[in-house]
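Me: I'd like to learn how to read a model like this one. Take me through it one feature at a time.

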Amino acid sequence: MIIDITVQNFQQALLDASNTKTVVVFFHAQAVPECQAMAPIVERLIGSDSQHIDLARVNVEDPQLQSLASQLGLQALPAMVAFKDGQPVNVLEGPQDEAAIHQFLQPYQPNEAELLLEQAKQMLGMDPKGAYGLLQQARALEDSATLRLYLAECALALNKLDETKQLLATVGMADQDSQYQHIQARLKLAEEAADSPELRELEQKLAAEPDSLLLKEELSVLLFQAGKQEEALQLLIEVLQKDLAFGEARKRFLDMITTMGADPIASKFRRKLYSMLY
């Protein structure tokens, strides 16, 4: 948001607003040509719809606003002052080029990983697969508990139960908030729903005949459908290690890998197959 500060809106648009996002105050005067040159650059770099920074313009030619510049000890125009939590945290005085303005604003604007996270959060409900890909990119740039939680939420939406469980295991106690608890509860329900009698029966049969390639292949299909992708792929790799041409094992394996897209688990098992083939 870009707003002109007045005596009437000073409290709400500057001090109160800075409690939820950074407010950059641009002090200017019509009589100073450098202000006219710098103003459009500041407005373009911040933007009118920024989710992270508000731009508040103060015309110091207004007698009622001159005291604000004096209280901040400003000595040159144009000037930029960043406010957070009602307090000034950084000042830039005098004429500046675009590079200097960008450097001043950078600490208060999101980095690439944060932008990817914001995009993913908007997509999560409509396109969890797309959101999952964005979150993988973000995590490669900057790993954090927040990213892992949203990645776990995406994985759960895509029925990647093993990965959901693994991601939640990396979240420390300090970050186990309501989102974490919600995902845990949904994961438990998904695991209970996936634990079908048919799956349990096949697991029991395989336990009795651990060398049966046919049982491993059949069980892998049910495991994959139940969201246990890593277990399913591991069983098929064991089959292929014994016999590359056994039944539909190789086709099933490749189909599973394809449906998992850029999933790191898929990449791991793809490499295992290639090492066997080449």
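Me: Let's start with a helix: what do the buried residues of H4 pack against?

Reply: They pack against S2, H2, S3, S4 and S5. The labels are DSSP runs, numbered from the N terminus: helices are H or I of at least four residues, strands are E of at least two. Packing here is contact, meaning heavy atoms within 4.5 Å. Before going on, keep in mind that this is a predicted model: local features need pLDDT of at least 70, side-chain atom pairs count only at pLDDT 80 or more, and totals for chains, interfaces and linings use all residues. Residues are numbered from 1 along each chain as its sequence is written, and side-chain values use heavy atoms, with hydrogens and water left out.

Me: Which are the buried residues of H4?

Reply: General idea first: an α-helix has 3.6 residues a turn, so residues three or four places apart point the same way. In H4, the buried ones are Ile101, Phe104 and Leu105. Looking down the axis of H4, they fall within an arc of 95°, so they line one face of the helix. That arc is taken over the directions from the helix axis to the C-beta atoms. On the face turned away from the buried side you'll find Ala99 and Gln103, both exposed. As for cut-offs, buried is under 20% relative accessible area, exposed is over 50%, and partly exposed is in between (1.4 Å probe, protein chains only).

Me: On to the sheet. What order do the five strands have?

Reply: The order is S1-S3-S2-S4-S5, in an open sheet with mixed pairing. S1 (2–4) and S5 are the edge strands, each with a single partner, so one side of each has no neighbour in the sheet. On average, neighbouring strands are turned by 20° against each other, ignoring direction. Strands count as paired if DSSP finds at least two bridges between them.

Me: Which helix lies across S1, S2, S3 and S4?

Reply: That's H2 (residues 33–46), running at about 165° to S2 (22–28). H4 (residues 98–105) packs on the sheet too, touching S2, S3, S4 and S5, and its direction makes about 10° with that of S4. For such angles, axes are lines fitted to C-alpha atoms, for helices over the stretch in contact, and values run from 0 to 180 degrees between N-to-C directions.

Me: How many bridges join S4 to S5?

Reply: Six, between S4 (residues 79–84) and S5 (residues 87–93), and the two run antiparallel. Among the bridge partners, Val81 goes with Val91, and Phe83 with Pro88. The two strands form a hairpin with two residues between them, and Asp85 in the turn has a positive phi of about 55°.

Me: Now for helix pairs. At what angle do the axes of H12 and H14 cross?

Reply: Roughly 0°, with the axes of H12 (residues 229–242) and H14 (residues 264–277) coming within 11 Å. That makes the two roughly parallel. Contact residues include Leu233 and Ile237 of H12 and Phe269 and Leu273 of H14. By class, this contact has seven nonpolar, two polar and three charged residues. Here Ala, Val, Leu, Ile, Met, Phe, Trp, Tyr, Cys and Pro count as nonpolar, Asp, Glu, Lys and Arg as charged, and the others, Gly among them, as polar.

Me: And how do the axes of H8 and H12 cross?

Reply: At roughly 120°, coming within 6 Å, where H8 is residues 161–169. H8 and H12 are therefore oblique to each other. The contact is made by Leu161, Asp162 and Gln166 of H8 with Gln229, Glu230 and Glu231 of H12. The tally is one nonpolar, two polar and three charged.

Me: Is Thr164 buried or exposed?

Reply: Buried, at 0% relative accessibility. Thr164 is in H8 and, beyond four places in sequence, contacts Ala152, Ala155, Leu156, Ile183 and Leu187.

Definitions and conventions. Parallel < 35°, antiparallel > 145°, perpendicular 65-115°, else oblique.
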